[in-house]
Structures are given as C-alpha cells and as structure tokens.
Amino acid sequence: MDQATRAYSETDIQPFYFTGTGGEYFRIWIVNLILSILTLGIYSAWAKVRTNRYFYGNTQLDNTGFDYHAKPLAILKGRLLAVALLLVFVLAGQIFPVAGIAFTLLLLLATPWIIWKSMQFNARMTSFRNVRFGFYGSLQDSYRYLLFLPLIPLLTALLAGIVMWFVTGSSEPGPYVTLVVLAAITTYLMVPFIQKAITGYYIGNHRYGQGLLQVNLSTKKYYLIYLCLFGWSILIFTAIILAAGVAMFFLGLNIASMIPATEGELPPMAMAPLIAATVFMYIAMLIAGVWIKAYLKAKIRNHVFNNIQLDNLMRLDSSITTGRLFRFYLVNILLMICTLGLAYPWIKVRSARLMASTTEAHMSGSLDQYVSMQQNRQSAIGDEIGEAFDVDANLDLAF
Amino acid sequence: MIKGWLYPADSSARSEAGLSTDRGQFIVTRDRQAPVTGSIRELVVSQRVGNITRKITLPDKSLFETTDNDAVDALLAATGHNALRAGIIHILESRWQWIALALLATLLTGFAALRWGMPWASNELAFAMPARATEIISAQTLELLDQAILEESALPVEEQHRIRQHFETTLLPLQRENFTYRLHFRHMSDIPNAFALPAGDIVITDRLIELADNQEEIDSVLLHEIGHVVHRHGLQQVLHSSFLTIAIIMISGDLTATSNIAVALPVFLLESQYSREHETEADHYAFEHMMEAGIDPVHFSTIMDKISSEPENEAEDNASNSEKRDDADLLKYLSTHPSTPERILQAEKYSREFRKRLSE
C-alpha cells in the first residue's frame with residue numbers, strides 16, 4: 001500500500017471524466033486541417049489552441065474543466081522558428097550526412113533546455129478553476145537528469161579508455177570493446193532509475209497556484225516493473241518463436257509430401273509454409289510489442305499517479321489495467337488501418353476518455369484557497385521546437 | 001439568467017452565481033452578496049470550442065464560468081457583442097455541409113500535393129539549384145560512397161583511358177547542356193552498376209564493363225546516366241523525399257513517424273513510383289541519343305538482359321516470368337526501376353525505328 005502512511009483523512013472521492021465526443025472533435029479537427037492547408041500552415045497555431053482547449057476543457061473534475069490559455073501568435077512565432085530549423089535539419093541531413101549528424105548532436109545538447117522551456121510554457125498556460133499551474137524546476141536539474149545521468153556510463157567508459165591507453169599504450173581493440181559493452185549494459189540497467197528521476201523532476205516541480213505538487217516515487221517499484229516486463233517479454237517471444245517453428249514443421253511436411261519433386265528446383269508451393277510462418281511471426285511480434293507498451297504504460301502510470309499529491313489536500317488514484325489498455329491500443333490500430341487515418345479524432349477522444357475515467361481525486365478539503373502566482377511572460381519557442389523535433393516532455397502520463 | 005460559477009481574480013474560491021442582462025448592462029448575482037454590474041461591452045468572452053466551459057472575464061478581473069454555451073451565444077447575439085465575430089469558426093465546426101466540404105477539400109489537396117505539387121516543386125528547385133551546390137553535394141556523396149561500398153577499379157589503366165577517351169569524344173558532344181562530366185571507374189563487389197551524381201560525375205563498376213561485349217553496350221548505359229544528369233533526377237529525388245518527410249512530420253507532428261511502418265510503406269511506394277518515372281525518362285534520353293550517334297538501341301536491351309541475369313538480380317527476374325504475373329504486378333509497385341522486360345521492350349521498339357531509318 002503506497003498510501004498507507006498518508007497523514008490526512010480522506011473525505012471525498014471525485015472522479016475525473018471526459019465530456020467530449022468523437023463526432024464533435026472530428027468536426028473541429030477537419031476544419032483545423034483544411035484551414036491550416038488553405039493558409040499554408042499559418043492557421044495551425046490557432047488550430048493547436050482550439051484542439052488543446054477542447055481536450056483540456058472537456059477533462060473535468062468536480063463540475064469544471066481545465067483550460068489552455070496560450071495565444072496563437074506566440075505559438076505561431078515558435079512554430080515558424082521550429083519549421084525553419086526542421087527544414088535546415090532535413091535538407092542538411094539529405095545532402096550532407098555529416099551536417100545531419102552534427103545537427104543531431106546539437107539537438108541532443110539543446111534537448112534539456114527545450115524541454116525545460118516547454119514545461120514552463122505548458123504549465124503556465126494551463127489553468128483549473130481560474131488558477132494557473134507553474135513549473136519551477138531548474139535548468140541545471142534538467143541537464144542533470146536528461147543528459148548527464150544517462151551519459152554517465154559512456155563518459156566513465158571513455159575516461160577509463162583514455163587512462164588505459166595512457167597506462168598500457170595498448171592498441172588492441174579487445175579491452176576497449178569490453179568497456180563499450182559494459183557501458184551499454186550499465187546504461188540499460190539504469191533506464192528505470194533515470195525514468196524515475198526524470199518523472200520526479202517533472203511532476204515534483206509543478207505547482208498549482210501556490211500549492212506544491214509532490215510525488216514520492218519508489219526506485220524499487222520501477223525496477224520491479226521493468227523486471228516483470230523483462231520476464232514476460234522473454235516468455236512471450238519464446239512462445240511465438242516456438243509456435244511458428246512447430247507450425248512451419250507440420251505445414252512444411254504436409255505440403256512437401258503432396259508435391260512431386262521436380263528436378264532440382266524447389267516447387268513454389270514449398271515456400272508457402274515459410275511465408276505463412278514469417279507473416280504469423282511478424283504479426284504476433286507486433287501484437288506482443290503493443291502488449292509490452294500497454295504493460296509498461298499502465299504499471300508506470302498507476303505508480304506515478306497514485307503517488308502524486310497536492311499539498312495535504314488532494315491525492316490522485318489511477319486504476320488502469322494492462323488488459324484494458326492493450327485492448328484499447330489494438331482497437332485503435334484496427335480503426336486507423338480500416339479508415340485510412342480518418343478515425344484519428346475518435347481515437348484521441350477515446351484515449352482522453354479512458355485516461356480520465358481511470359483516474360480519481362481523493363480530497364480532504366476544498367480547493368478554494370489557491371491563487372495564481374505572478375510569473376514572467378512565457379514564449380512558446382521551447383515548446384514548438386520541442387514539438388517539431390519530437391523532444392516534448394511526453395511521459396505517457398498526461399491525460 | 002445563465003447559471004454558473006464566479007471566481008474572484010486569480011483565485012480558485014468559487015461560488016454559485018447567475019448572469020443576466022438588462023439594457024446593455026450585465027448583472028452577476030450571488031447568494032448573500034451584492035450583485036456585480038457593468039457594461040456588457042466590457043465583458044471578455046472566451047471563444048466557443050465544442051461545448052467546453054465558457055469563461056467570461058468581468059471588468060474587475062473576476063471570472064464567471066458556465067457550461068450553458070447556447071445561452072452565452074444567444075446573449076452575445078442579442079447584444080451585438082464583439083466576441084460574436086470570433087464565433088464564426090464554431091459555426092464552421094457545427095454545420096455538416098461545411099464539414100463535408102472541408103473533408104473533400106482536404107482529401108483533394110492532399111492528393112494533388114502528392115501527385116503534382118511535390119514533383120513540380122522538386123523539379124523547379126532542382127533546376128534552380130546553383131552549380132556550386134551540386135558540385136559540393138556530388139563530391140561529398142562520392143567521398144562517402146568511396147569510404148563505404150566502392151573500391152578502386154581493377155581495370156587496366158589503358159582500358160580506362162580508352163573508355164574515357166571514347167566517352168569524351170563521342171558521347172559528350174551529343175549533349176548540349178552545360179555540365180562538366182567526369183567518368184569514374186570503381187569496383188563494387190562484382191555488382192554490375194552505374195550511377196550518376198548531380199554535378200555530372202558518372203560512376204561505372206568493373207563488373208558492368210566486364211559484362212559488356214562491345215563499346216556500344218557501355219555507351220548505352222553511359223547515355224542513360226547522362227540522361228539522369230541532364231534531367232537533374234538526383235537532386236529532384238533528394239528534394240522530393242525532403243518534402244515528403246517534412247509534410248509527414250507536419251501532419252503527424254511526430255519526428256519518428258517516418259520510421260512507423262504504416263507511414264513508411266506509402267512513402268516508399270510513392271518514392272518508388274517517382275524513381276520509376278525517372279528511369280523511364282533516362283531510358284528515352286539514352287535511346288534518342290543513341291539513334292543520333294548511330295548506335296542501335298538494341299544494345300541497351302542486350303546489356304540490361306545481362307545485368308538482370310546476374311545472380312543477385314535473379315529473384316527480380318524470376319518474378320517477372322509470365323506464370324507469376326501476380327507477383328510481378330506486386331513487385332512493380334515496390335521496385336525503384338521499371339521491370340527489365342518492359343525496358344527491353346522499349347529498347348527493341350526504338351531499335352526497329354532505328355533500323356527502319358537506316359534502310360531508308
């Protein structure tokens with residue numbers, strides 16, 4: 001029980017709920033799309049604001065929705081800069097592969113800053129009950145958790161390699177390869193810890209008005225989740241490969257015995273079981289991949305949300321299950337394929353509805369005492385660059 | 001009266017309230033508190049999106065919010081409030097006629113951009129690209145290929161010299177565009193291949209020269225490559241795939257979208273189609289200039305035949321046999337080149353024309 005030690009009494013359980021519908025959002029989406037096309041992308045900034053307002057506004061708690069306050073012009077400015085950068089990036093990458101690599105490195109270095117700006121902007125532009133959120137994490141911590149921590153094993157290996165080279169002067173590749181492999185393994189082993197640290201940084205530095213959001217994440221729990229996932233993955237993949245092998249064995253035997261051997265060449269029918277088995281494996285692997293994604297998201301989201309609290313007033317409770325999320329993803333994929341992407345608005349609404357309906361707020365008082373804090377003007381540059389280059393702070397936790 | 005909540009400025013403390021209007025004035029009433037009034041023109045009303053909670057900011061910065069969107073719209077309409085103008089987007093989003101029109105227009109523009117817009121823009125830009133830029137691109141690409149897959153040619157120097165001499169004296173005078181062509185000989189692990197870089201560098205592999213039984217066959221391949229250079233196919237493809245990548249990122253808002261199979265497959269099909277059109281164009285360039293130089297276009301079909309019967313090309317060739325027609329049709333969409341029999345057929349057509357002219 002994660003919350004057994006909470007020192008306040010709970011009086012009131014309020015569910016989150018989503019009030020939008022697929023049909024309604026489809027209409028907003030298609031108008032956004034055509035106006036963005038007709039204005040050569042300029043309207044997309046207005047479209048983004050309308051879309052966010054729709055989803056924030058329909059995500060409700062205690063009879064009122066969230067709101068999104070970004071000004072389209074601020075978003076447009078950021079977006080123009082981002083598109084210019086993206087253009088340079090793609091063209092440079094196509095024409096000069098070396099420039100592409102340099103640009104990617106630069107982007108990597110800038111990522112913590114981009115995310116930091118983006119967190120500030122998005123928090124500031126979000127309100128609930130007339131009070132704005134805020135993000136007070138430091139830039140230093142952003143670099144620490146997003147760049148330095150994940151690179152520690154590699155940097156250590158590099159240092160060790162240099163020392164080794166100076167001491168032994170050996171140019172044999174063996175020991176150096178060992179170092180790199182060790183660094184890679186350590187990096188993988190650190191993933192749960194890094195993810196926990198980053199999530200803690202993001203959520204723990206948010207405020208609702210003057211109220212502090214706290215999150216007490218357990219490193220042990222993160223490792224447990226990943227360990228279970230690892231176990232399940234091995235089981236599933238072994239089962240798939242075994243099933244494909246057995247199927248191929250039987251099908252292959254049957255068909256081969258039915259076709260008289262022609263001189264030298266394999267009859268084309270003999271390829272059938274091989275192709276069937278390959279297709280089966282491919283689809284099974286895809287589905288297994290979806291399940292893994294569902295497992296990880298459900299477990300991590302529950303753990304994180306169950307440990308979020310606002311002052312001593314409110315805590316969250318998330319109860320999404322792997323099975324439910326897995327079915328949800330499968331239906332989404334089928335919908336997208338069958339409608340050639342036109343089901344996208346319904347999928348977004350389904351997603352928002354699922355996430356809201358599996359979340360509750362446990363309150364021990366009223367939210368009446370919060371006041372918006374004054375903050376500097378925010379530019380959307382970080383947010384837009386982040387969005388264009390897909391380095392947004394998406395933790396798969398959002399609504 | 002519109003029912004809702006009233007919040008003091010910047011505060012989350014809310015109390016139930018009602019909003020009504022009277023001759024250009026608004027009145028917000030609450031239990032046990034004095035009503036707030038003022039001019040309706042001073043109200044700042046949030047834009048309507050779907051049916052989300054409407055926010056009305058009063059002159060004293062306190063906030064009235066309500067879920068009764070229709071009542072707010074009616075109030076705006078009745079009082080001629082200036083927030084009315086911003087409501088036009090919501091009207092677009094509410095009428096099915098507009099939605100159907102928007103859907104149709106989106107699909108049409110999407111199709112037109114892919115089918116005509118991008119190829120046209122790639123073509124225009126490729127021809128507008130300064131020569132200096134193409135020089136840099138070509139030099140960089142050749143350097144990279146040399147490091148990665150190409151090795152020095154094992155062909156005797158005299159042979160190289162002879163082919164280059166012939167290339168410069170016989171083939172180059174045939175083209176009237178202003179390119180500086182450079183012929184490079186390379187070894188590429190026994191694969192017969194030839195390709196052109198945008199600035200006019202043409203690379204031909206040892207295996208291809210080995211396969212050719214006479215100079216005419218080599219000429220036909222070189223003329224095909226000159227065709228690529230003249231039509232600036234290399235640049236066009238770079239630009240085209242850049243446009244495609246950017247468009248996909250813009251639409252999906254996701255940089256990793258291009259590695260997603262559902263997106264990657266249509267992109268691949270589009271680019272293959274585009275590439276096949278270029279190959280056909282280069283083939284025609286070769287045929288026409290062969291006829292001009294007095295070389296029978298049939299040589300092109302001979303060398304194509306030899307290339308496709310090389311071991312690593314067998315699979316493709318097999319699939320084009322007539323008994324596997326279905327497979328061949330499918331492969332057609334996946335291939336970056338037109339099918340070999342198709343190209344040979346074209347070469348033979350030109351060859352007949354060539355011989356007819358000779359006999360006249």
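Predicted model: local features only at pLDDT ≥ 70, side-chain atom pairs only at ≥ 80, totals over all residues.
**View 1. Arg129(A) and Asp62(A) form a salt bridge.** The N to O distance is 4.0 Å. Arg129(A) sits in the loop between β4 (126-128) and β5 (131-135) of chain A. Asp62(A) sits in the loop between β2 (59-61) and β3 (64-68) of chain A. The pair links distant parts of the chain, 67 residues apart. Arg129(A) and Asp62(A) are both buried.

**View 2. Asp70(B) forms a salt bridge with Arg48(B).** Their closest N and O atoms are 3.0 Å apart. Asp70(B) belongs to helix α1 (residues 69-79) of chain B, and Arg48(B) to the loop between β5 (44-45) and β6 (54-57) of chain B, so the pair ties together parts 22 residues apart in sequence. Asp70(B) counts as exposed because its relative accessibility is 52%, over the 50% cut-off. Arg48(B) counts as buried because its relative accessibility is 12%, under the 20% cut-off.

**View 3. Glu65(B) and Lys55(B) meet in a salt bridge.** The N to O distance is 3.9 Å. Glu65(B) lies in strand β7 (residues 63-66) of chain B. Lys55(B) lies in strand β6 of chain B. The pair links distant parts of the chain, 10 residues apart. Both Glu65(B) and Lys55(B) are buried.

**View 4. A network of salt bridges links residues of chains A and B.** Its members are Arg53(A), Asp67(A), Lys55(B) and Glu65(B). Over all chains, the count comes to 23 salt bridges.

Technical notes. Residues numbered from 1 in each chain as written. Chains lettered and ligands numbered in written order. Heavy atoms only, no water. Salt bridge = Lys/Arg side-chain N within 4 Å of Asp/Glu carboxyl O. Helix = DSSP H or I, 4+ residues; strand = E, 2+ residues; numbered from the N terminus. Buried < 20%, exposed > 50% of the residue type's maximum accessible area, 1.4 Å probe, protein only.
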